[in-house]
Amino acid sequence: KTPYLGVKFVKIASKNTINGLQQYAKENDIDLIVMATKHRSWIEEIFHKSITKRMVLNTTVPLLVMHPEDPIII
């Protein structure tokens, strides 16, 4: 039997993604934020500003970062 994990998906509207995520987490007593990365080519990586990397440096809520190559174990 799989336990109920209480996963919820929401769309957050904010001019600043990091501030929007942090505010939502604070208002809703969030225990864990999960973010997924995307594989990019080296040229895309040069110009891309990673929200996940900025979130790692600016969050007070535990953060789990999933990568496309990570196996999902249930």
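In this predicted model, I18 touches I51, R54, M55 and N58, leaving aside residues up to four places away in sequence. I18 sits in helix α1 and is buried, with a relative accessible area of 6%, a value that falls under the 20% cut-off for burial. Between I18 and N58 there are 40 residues in sequence, yet their C-alpha atoms are 7.8 Å apart in space.

**Helix α1 and its two faces**

- Helix α1 spans residues 17-27, and I18, G20 and A25 are buried in it; seen down the helix axis, the buried residues fall within an arc of 165°, so they line one face of the helix.
- An α-helix has 3.6 residues a turn, so residues three or four places apart point the same way.
- The buried residues of α1 pack against β1 (33-36) and against α3 (51-58), whereas the exposed residues K26 and E27 are carried on the face turned away from the buried side.

**The ends of α1**

- Just after α1, D29 takes a positive phi of about 50°.

**A nonpolar surface patch**

- W42, I43, I46 and F47 form a nonpolar patch on the surface, and together they have about 540 Å² of accessible area.
- F47, one of these patch residues, belongs to helix α2 (residues 42-47) and is exposed, with a relative accessible area of 67%, which is over the 50% cut-off for exposure.

How values were computed. Residues are numbered from 1 along each chain as its sequence is written. This is a predicted model: local features need pLDDT of at least 70, side-chain atom pairs count only at pLDDT 80 or more; totals for chains, interfaces and linings use all residues. Side-chain values use heavy atoms; hydrogens and water are left out. Buried means under 20% relative accessible area, exposed over 50%, partly exposed in between (1.4 Å probe, protein chains only). Helices (H or I, at least four residues) and strands (E, at least two) are DSSP runs, numbered from the N terminus. The arc is that of the directions from the helix axis to the C-beta atoms. Contact means heavy atoms within 4.5 Å. Patches are made of residues with over 30% relative accessible area and no salt bridge: like charges are joined within 9 Å, nonpolar side chains (Val, Leu, Ile, Met, Phe, Trp, Tyr) within 5 Å. Accessible areas come from the Shrake-Rupley method with a 1.4 Å probe; for residues, only the protein chains shown count as cover. A salt bridge is a side-chain nitrogen of Lys or Arg within 4 Å of a carboxyl oxygen of Asp or Glu.
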